[in-house]
Amino acid sequence: MEIEMNNNKLIRCYGCKAEIKNMDGPKHAYIGSDSGCWDVFCGVLAKEYTEYNELWQTHRLTVDTYAAQHPGNPGRREIQSVFIHLTRLYLQLEMGLDGKNANAAMLNISKFKSQYVWLDPVPDFSGTININDVAGARDITEHKHIVELWAESVWQTWSKHHDTIRYFVEHNKIMHPVRRELTHGK
Ligand SMILES: [Zn+2]
């Protein structure tokens, strides 16, 4: 009886703190979300792949933002995931690279993996924009707009660690290959 009641109850995702269904479903191996939240995220991805398939830029931001909002526990894969997704958020939001160039800049990122660190303390995402807000978008324009707001809010929540990410990008000249290409393109 009690179990049945629990199944109807909404819970807060332990990663992003969104209100989600308390369900026993699949979740990602190291992105730190509860199943109910992961389920909403998969729905959003499906929508981006089908209805919104021209939104390459937005899709990149969706994936990076979701991962950055669900850091999980300080294991090797989690450290790598959070560090990479935050670096790509930095390239897009602070350095103005589009999704494609941000991707290109990250191609050889694994060369520097010994520099990835667990960013402690991990922020508390209570009250930030979350995947429910994104899933609630009524059309492509609203979707794009909410994803941009969400990305910015998650990036700002990590503000204590912005210097670490900035240093990583500058020290390793992560943007160099892309910069060359951007200059040639002009
Ligand atoms: Zn979540």
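Q: Where does H162 lie?
A: H162 lies in helix 8. Helices are DSSP runs of H or I with at least four residues, strands are runs of E with at least two, and both are numbered from the N terminus. This is a predicted model: local features need pLDDT of at least 70, side-chain atom pairs count only at pLDDT 80 or more, and totals for chains, interfaces and linings use all residues. Residues are numbered from 1 along each chain as its sequence is written.

Q: What makes H162 count as partly exposed?
A: The count of C-beta neighbours decides. A residue is buried if 20 or more other C-beta atoms lie within 10 Å of its own, exposed if 12 or fewer, and partly exposed in between, with C-beta atoms placed from the backbone. H162 has 14 such neighbours inside 10 Å, so H162 counts as partly exposed. The C-alpha atoms of H162 and G99 are separated by 19 Å, and the two residues are 63 apart along the chain.

Q: Why is F41 called buried?
A: F41 has 27 C-beta neighbours inside 10 Å, so F41 counts as buried. Its place is in helix 2, residues 35–49.

Q: Which residues is F41 in contact with, leaving aside its neighbours within four places in sequence?
A: F41 is in contact with Y66 and I131. Two residues are in contact if their C-beta atoms, placed from the backbone, lie within 7 Å. N132 is 91 residues from F41 along the chain, yet their C-alpha atoms are separated by 8.4 Å.

Q: What is the make-up of the protein chain in helices and strands?
A: The chain has nine helices and two strands. From the N terminus on, the elements run α-β-β-α-α-α-α-α-α-α-α.

Q: Why is the protein chain called as compact as a globular protein of that length?
A: The radius of gyration, taken over C-alpha atoms, is set against the globule rule of 2.2 Å times the number of residues to the power 0.38. The chain comes to 17 Å, close to the 16 Å that the rule gives for 186 residues, so it is as compact as a globular protein of that length. Along its principal axes, the C-alpha trace spans about 65 × 35 × 25 Å. Of the 186 residues, 32% count as buried.

Q: How do you know that helix 4 is roughly perpendicular to helix 8?
A: The axes of helix 4 (residues 76–93) and helix 8 (residues 162–171) come within 10 Å and cross at roughly 80°. That makes helix 4 roughly perpendicular to helix 8. Angles under 35 degrees count as roughly parallel, over 145 as roughly antiparallel, 65 to 115 as roughly perpendicular and the rest as oblique. Axes are lines fitted to C-alpha atoms, for helices over the stretch in contact, and angles run from 0 to 180 degrees between N-to-C directions.

Q: Which residues make the contact of helix 4 and helix 8?
A: Helix 4 gives L86, T87 and Y90, while helix 8 gives I165, R166, F168 and V169.

Q: How many of the residues in the contact of helix 4 with helix 8 are nonpolar, polar and charged?
A: Five are nonpolar, one is polar and one is charged. Ala, Val, Leu, Ile, Met, Phe, Trp, Tyr, Cys and Pro count as nonpolar, Asp, Glu, Lys and Arg as charged, and the others, Gly among them, as polar.

Q: What covers the buried residues of helix 4?
A: The cover includes helix 3 (56–68), helix 5 (99–105), helix 7 (140–157) and helix 8. Among the buried residues of helix 4 are V82, F83 and L89.

Q: Why is K173 called exposed?
A: K173 has 10 C-beta neighbours inside 10 Å, so K173 counts as exposed. K173 sits in the loop between helix 8 and helix 9 (176–185). Its phi is near 50°, a positive value in a residue other than glycine.

Q: Is K17 buried, exposed or partly exposed?
A: K17 has 16 other C-beta atoms within 10 Å, so K17 is partly exposed. K17 lies in the loop between strand 1 (10–12) and strand 2 (19–21). Its phi is positive, about 70°, although K17 is not a glycine.
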